[in-house]
Amino acid sequence: MKKFEDILVSAKNKGLKKIAVAFAQDEDVLKAIKAAVNAGICVPILVGDKEKIEEISKEVDFVLEDIEIIDEKDGNLAARKAVELVSSGKADVVMKGLIDTSIILKAVLDKEIGLRTGNTLSHAAVFAIEKYHKLLLITDAAMNIAPDAEEKRQILENSLRVTRSLGIENPKVAVVCAKEKVSSKMQATVDAQELVQMQKDGKITGCIVEGPFGLDNAISKEAAELKGVHGAVAGDADILLMPNIEAGNVLYKALTYFSDSENAGIILGAKAPIVLTSRADSDVAKLNSIALAVLCS
């Protein structure tokens, strides 16, 4: 797959998946759900203030006939009910609506009704960028502030669920740092060295891990050649494993606002994918995120 149209087609071919939307009375969220329904990729269960959901749906021409609405005016309870729909097997994906991220994550991590697996939760963003020759996954841009090498291993393993869904059998992982050489003064480069060793020791499988890389030589063969950086991943990365949340978040937003690109983002590491988009994300990004979650469910 090289573009989001391919992801939408593949998600549709997978069959309809049920998506539980927590506190669904949000115009942008309902527009995205409407587009996903029209694309034939999901059946929504809308949890939230029924009256407001119906009012907003009329404004965006979203016909609610045959769509289940669970009336719940409290945000915390709406999040719990949406998550419980997934944990009980009545839905396949959970999506954040008009509530804070902390509220939906609290429900996801609830020991009684949540979606805990014991793994680290992480954010994976997939970009289709005009100047890059294939889809590019960036992780983590939203969840883990300063992960150590072991946490980065789990973040990487979460992202492999996405690349497998995209049909990438042996993804190339670039561990991105500020420089290409290991230095004890830069912990990220030491982590990169540890991750490469983890793969050699068989602790990481199903991908090719190399690093440390600067961003330039991870995605540009020309830059890699000029700097003498060699390897299977150099200039051809499928996954950019970022050093910390600042680097990941800045790269995510820079690509979103400065490049001709489309993107999608989901949370991984739970029993089911979580669509957790920003209010600033476009309708297209929200639809793409739903399609990606359906594909990974």
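Colleague: How much space lies in the largest pocket, and which residues are closest to its centre?

Modeller: In this predicted model, the largest pocket holds about 380 Å³ of space. Its lining has 22 residues, and the closest to the centre are Tyr-252, Leu-276, Thr-277, Ser-278 and Asp-281. Two elements, α10 (245–258) and β10 (261–268), each give two or more residues to that lining. The largest share, five residues, is from α10.

Colleague: Why is the largest pocket said to lie between domain 1 and domain 2?

Modeller: Domain 1 (4–117 + 270–296) and domain 2 (122–261) both contribute lining residues, so the pocket is placed between them.

Colleague: What makes up the lining in terms of nonpolar, polar and charged residues?

Modeller: Nine are nonpolar, nine polar and four charged.

Colleague: Why does Glu-27 count as partly exposed?

Modeller: Its relative accessibility is 38%. Buried needs under 20% and exposed needs over 50%, so a value in between is called partly exposed. Glu-27 is in helix α2 (residues 27–38).

Colleague: Which residues is Glu-27 in contact with, leaving aside neighbours within four places in sequence?

Modeller: Ile-56 and Val-60; the criterion is heavy atoms within 4.5 Å.

Colleague: Where does UniProt place the domain feature?

Modeller: The unreviewed entry puts "domain: Phosphate acetyl/butaryl transferase" at residues 4–74 and 79–294. Residues 4–74 are 45% helix and 24% strand, and residues 79–294 are 39% helix and 19% strand.

Methods: Residues are numbered from 1 along each chain as its sequence is written. This is a predicted model: local features need pLDDT of at least 70, side-chain atom pairs count only at pLDDT 80 or more; totals for chains, interfaces and linings use all residues. Side-chain values use heavy atoms; hydrogens and water are left out. UniProt positions are given in the numbering used here, feature names are shortened, and annotations may be inferred rather than shown by experiment. Helices (H or I, at least four residues) and strands (E, at least two) are DSSP runs, numbered from the N terminus. On a 1 Å grid over the protein atoms alone, a cavity is a set of points where a 1.4 Å probe fits but cannot get out, and a pocket is an open set with protein on both sides within 12 Å along at least five of seven lines; lining residues have an atom within 4 Å of a point. Grid points are joined across faces, edges and corners, and a volume is the space filled by probe spheres set on the points. Ala, Val, Leu, Ile, Met, Phe, Trp, Tyr, Cys and Pro count as nonpolar, Asp, Glu, Lys and Arg as charged, and the others, Gly among them, as polar. Domain bounds come from an automatic or database domain assignment. Buried means under 20% relative accessible area, exposed over 50%, partly exposed in between (1.4 Å probe, protein chains only).
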